[in-house]
Each structure stands twice: as structure tokens, then as C-alpha cells.
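Please open the structure in your viewer and get ready to select a few pieces one after another. We will walk through them together.

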Protein chains: 2
Amino acid sequence: MRLLGIDVGGTNIKYGVVQNGLDNKIIYKNSIITEVVKGKEFVIRKIVSIIERCKQNYDIKSIGIGIAGLVDSASGIIFESPNFPDWKDINLKNELKVVDLPIFIDNDANCFAYGEYLLRNDKTIRNLIGITLGTGIGGGLIINGKLYHGNYGFAAEIGHIKVVPDGRRCNCGQNGCLEAYSSGFAIEKKSKEIFGEKITVSSLYQMALKGNRKAIEIFKDAFEKLGIVCAGLINLLNPDIIVFGGGLSNMKDFLLIPVKKVIQKNCYKKLYEKVKIEVSQSNIDSGIIGAAYLIHSNK
Amino acid sequence: MRLLGIDVGGTNIKYGVVQNGLDNKIIYKNSIITEVVKGKEFVIRKIVSIIERCKQNYDIKSIGIGIAGLVDSASGIIFESPNFPDWKDINLKNELKVVDLPIFIDNDANCFAYGEYLLRNDKTIRNLIGITLGTGIGGGLIINGKLYHGNYGFAAEIGHIKVVPDGRRCNCGQNGCLEAYSSGFAIEKKSKEIFGEKITVSSLYQMALKGNRKAIEIFKDAFEKLGIVCAGLINLLNPDIIVFGGGLSNMKDFLLIPVKKVIQKNCYKKLYEKVKIEVSQSNIDSGIIGAAYLIHSNK
């Protein structure tokens with residue numbers, strides 16, 4: 001019996017089939033473009049089509065779906081998603097009823113965190129914080145070995161924790177959010193201000209690798225802000241590990257060095273000295289695996 | 001069979017006896033001065049004496065102790081305590097072995113949060129954040145109905161979450177901590193700057209009640225900072241309730257109005273709209289009850 005995990009992103013829909021039984025191996029995976037511009041109905045049909053094709057080839061028992069935004073995992077309602085501006089209060093579980101299988105829906109960063117927890121398969125890790133650094137910033141919490149949802153399923157909105165009081169305007173409409181400083185969107189915006197032209201994060205990374213001072217400075221500023229929020233998370237939750245995923249986690253030392261420096265400066269020594277700060281080794285797989293195993297996430 | 005709860009503060013040692021069985025009623029309580037200046041050995045003998053006297057009068061089954069500072073509840077080690085500068089790496093469980101009863105030791109704000117959770121006895125509350133506002137600021141987390149300790153028992157150091165990057169110097173040696181803005185110590189320090197003389201928090205409160213603009217402004221500034229941290233806590237943990245305790249929680253509206261205003265401005269609407277923000281109705285009792293029931297806190 002197998003489980004299907006689907007990571008519905010703004011650019012691609014990535015999916016994979018895993019064996020039920022928590023051995024965390026993906027036996028089949030694939031990715032197709034999302035085509036958000038074609039609207040909600042089109043994207044939902046794509047998801048239906050993915051599910052049906054996987055059902056034909058594998059003995060699928062249940063489906064897990066990760067998607068960015070405010071998701072109530074209990075009901076399956078997506079209240080809002082930054083990648084899908086036309087999805088408001090959509091009950092995705094109901095929309096997908098036609099496939100006639102149990103469906104579990106959660107925030108994509110929650111799936112990432114849960115996938116990281118499962119993939120590590122390390123009994124000494126009980127409390128894990130996952131942070132996805134992409135165009136936006138997402139978060140997921142594993143507390144005492146369980147995916148934590150909070151009161152209404154909206155926990156771990158790490159991207160919207162305030163890092164500078166009354167600071168930069170964020171896409172969410174508020175000011176000073178972490179996402180307005182440390183996301184891909186924010187870094188590209190800052191690069192445009194500094195260099196006077198649009199530069200992608202990966203070009204900026206290449207520039208930094210070649211020693212471009214301004215590029216290095218942009219990453220340093222961005223990820224020192226992330227470090228401040230991480231220090232707060234450590235002071236609050238005293239976790240075993242913080243894991244970074246998403247495209248920006250490829251920046252490796254440009255990310256980890258400023259983050260660790262700021263954590264050291266802003267945490268109680270006893271709280272940070274044993275906390276692992278790592279970059280995901282399996283970004284995409286974590287999201288798929290976490291989604292696929294959502295069926296087990298509350299056990 | 002009864003449980004003894006002891007709240008070891010820098011000024012007073014408050015203690016009470018409760019009936020085992022989680023009915024949360026204090027059947028006897030008392031308070032004696034701590035006399036920190038007389039040193040560690042003296043204070044420990046006072047605690048032994050309290051325990052022995054309670055044992056004589058009540059069928060005490062176990063003892064719970066709450067104390068400010070970095071406490072490892074598993075081992076009973078107090079690594080450091082702001083109220084007891086001469087206590088470093090003290091294993092209080094061992095120090096109290098002479099009383100020959102099971103002893104549970106935890107951070108005082110953890111006891112407060114757990115006591116609030118028990119006293120409310122409300123099945124709809126599973127995730128509670130307790131914040132004690134006294135000379136310093138402490139925090140305690142109830143997550144999924146359990147007292148949360150994090151990896152090494154040091155979770156919920158809410159007073160040392162950074163609220164202003166590179167801001168005011170905190171007593172912990174770092175900069176920009178919440179405690180450097182919203183604690184009794186910080187408010188009295190600010191009052192001295194503004195008025196040129198030492199004014200206690202309770203005198204300042206009387207002045208604010210009489211309409212003194214400067215006094216009102218001092219509270220507003222202090223508690224807006226607290227609001228920023230609370231907004232972060234809500235964005236992160238999406239709790240059912242945040243409860244304030246400690247002396248400053250008596251400031252009522254001078255506390256709650258700025259805190260709620262800032263939360264509203266800095267949280268996702270879906271995350272804050274159902275979160276209760278309250279002041280403890282039973283400050284001292286919560287700490288005693290939480291300590292007494294520590295024996296049940298991991299069940």
C-alpha cells in the first residue's frame with residue numbers, strides 16, 4: 001500500500017509515491033508546471049489528473065497535499081495562498097472528492113518540516129523547526145515528535161514575525177516582517193536598489209562567490225535578520241534543530257555564517273550551544289515525503 | 001494524599017498544599033520572607049523547614065518547587081537564577097534529599113503557566129502561553145495540554161527574545177531583549193530618566209490613573225514592545241490564550257490596551273482574532289498550584 005505526496009507550488013507541482021510504513025523512500029516522483037495563470041479550476045484538474053494517473057500505477061491508500069498559505073489542515077480549507085491569488089476559502093478536500101481517497105492537506109512548510117523530521121529518523125530529535133526560504137518565507141514546527149498546528153491550524157507563520165519594529169512594508173500588508181528582509185523577493189528588491197537593475201538571487205549568489213562586496217553585504221544583511229528571528233525561536237522553543245529549506249538554502253555559508261553569528265549573540269548560551277543549525281540535504285523530497293505521510297502526522 | 005507547591009521568589013517564599021486529584025483547590029497556604037542576603041545555605045534550610053512543617057500537618061505525597069532562572073526540570077539543576085546570584089549549577093533536588101519525598105523542580109514562569117492551565121480547567125484550551133511580568137520577565141508554554149520544556153528544559157525564555165535589534169542593554173548582558181523594555185526593572189529605570197527620581201511601578205501606576213501623561217506614555221512604550229513579542233508568539237504558535245501574571249499584570253488596561261493594539265497591527269488576522277489575551281485572576285495561587293502539580297505535568 002502506497003501514499004501519494006503532492007507539493008503544489010506556484011511554479012511546479014512536484015509529487016511522489018512512498019511506501020506506507022514510514023521507510024521514507026520515494027519509489028516514484030515527477031514534476032509538472034503549475035500554470036497558475038490558467039486559474040483555479042485548471043490547477044485543480046491538474047491535481048485530479050496527477051492523482052488518477054498515480055492511482056492507476058500504484059496501490060495508493062491516501063493522498064497528502066502541501067500548499068503555501070493559511071491552510072486549516074483539519075477541514076482542508078485554504079483561506080489564502082500567496083501563489084494562488086484567486087483561491088480564497090477553498091475547501092480543497094471537497095474540490096478533490098472525485099478521486100475517492102482520503103486526502104490530507106497542510107501548509108507546504110509544515111510538510112517540509114515533517115518530511116525533514118521523518119527523513120532524519122533520529123530519536124534524539126523531538127523538536128524541529130523547519131524554515132523554507134523561497135520567494136516568501138514559511139515555517140513548520142515539530143513539537144514532541146508531532147506536527148504542531150496551534151489553535152486553528154495556522155501556527156509557524158515565521159515569515160511574518162516582526163524583525164524591525166515599523167520596518168519595511170511586507171507583501172502581507174504589515175511592516176517589519178522577516179519576509180520583507182530575508183526572502184528571495186526581498187533580496188531581489190534590495191539588489192535592484194543597490195545595483196539599479198534586476199538581479200536574480202542565483203546571479204547574486206554567483207557574484208558573492210566571486211567576491212563582490214555589495215552582493216556579500218546584501219546576503220549578510222538579509223540573513224542577519226533571519227538570525228534574529230532564529231534566536232527568538234531558540235529562546236522560546238529551545239529546539240533540537242533548525243533546518244532551512246527552499247531555494248535560498250543553497251546559499252550555504254552565505255546563509256549559515258550570519259545566522260549562526262547572530263544566534264550566538266542573541267541567545268542564552270545554554271539554549272543555543274546544543275541546537276543544530278542546518279541546511280536541508282533533500283529540499284524537494286522533504287516536501288513530498290512530509291505531504292505523503294500527513295496521514296501519520298498526528299499519531 | 002496531598003501535594004506541596006513552593007514558589008521560591010527573591011522576596012518571598014510562597015507555598016501551599018493542594019489535594020491530589022487535580023481539583024486545583026489550595027487547602028492551606030502561607031508566605032515567608034526569603035532573605036536572599038543570608039546566602040544559599042540559609043534559604044535551602046528555610047525550604048527544608050517549610051517542607052517538614054507541612055509534612056507534619058498534611059499527608060504530603062510530593063513536592064513541587066518553582067524558581068526563576070535556567071532550571072533543568074529533569075535533573076533538578078538550577079544553572080543560574082536572577083534572584084539568587086550565588087546559586088550556580090545547584091542540584092536542588094539533591095540539596096533537599098533530607099526531606100525524603102519525591103521533588104519536582106521547574107522554572108517559576110513554567111509553574112505559573114501550568115497553574116493557569118489547570119485553574120482554567122477548560123477543555124477548549126490546549127495551547128497556553130503564560131508571561132510573568134515582574135522585576136524580570138518569564139515565560140511558560142503549555143502545548144497540546146502539556147508543559148513544554150524544549151530540548152534541554154530551557155524553553156520559553158520570553159524575556160530574552162529580541163524586540164529592538166541592538167537596542168537597550170539587558171541585565172543578561174545582551175542587547176534589545178524584551179526584559180530591557182517591558183519589565184518592572186526597565187519601567188522604573190525609564191521613570192528615573194524621565195522624572196529624575198526613583199519611582200516604583202505602583203506609584204507610576206497611581207500617577208497614570210490620575211492622568212499623568214508621562215506616566216501613561218512610559219507604560220504605553222513598555223507594553224507596546226511586549227505587544228510586538230506577543231504578536232510574534234501568536235504568528236508562531238497560534239495559541240488559544242496568552243495570560244499575563246506577575247506584579248505588572250495589575251496595571252490592567254495600561255497593559256492590555258497597548259498589547260492588544262500592537263497584536264492587531266502585527267498579526268495575521270486569522271491568527272489573532274480568536275486568541276484570548278488576559279490577565280491572571282489568581283497570580284500567586286497559579287504559581288503554587290502549578291508547582292504542586294508538577295508531578296502530573298508530563299502526563
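Select helix α10 of chain B, residues 283-292: this helix lies across β1, β2, β3 and β4 of chain B, running at about 125 degrees to β1(B). Helices (H or I, at least four residues) and strands (E, at least two) are DSSP runs, numbered from the N terminus. Angles run from 0 to 180 degrees between N-to-C directions, and axes are lines fitted to C-alpha atoms, for helices over the stretch in contact. Two residues are in contact if their C-beta atoms, placed from the backbone, lie within 7 Å.

This is a predicted model: local features need pLDDT of at least 70, side-chain atom pairs count only at pLDDT 80 or more, and totals for chains, interfaces and linings use all residues. Residues are numbered from 1 along each chain as its sequence is written, while chains are lettered from A and ligands numbered from 1 in the order in which they are written.

Next, show the strands of chain B in the order β3-β2-β1-β4-β8: these five form an open sheet with mixed pairing. Two strands pair if DSSP finds at least two bridges between them. Which strands stand at the edges? They are β3 (26-33) and β8 (103-107) of chain B; each has a single partner strand, so one side of each is left without a neighbour in the sheet.

Now pick β1 (residues 2-8) and β2 (residues 12-19) of chain B, which pair in the antiparallel sense over seven bridges. Here B:Gly5 stands opposite B:Gly16 in β2(B).

Finally, show both chains: 33 residues of chain B are in contact with 33 residues of chain A. On the chain B side, α7(B) gives the largest share, six residues.
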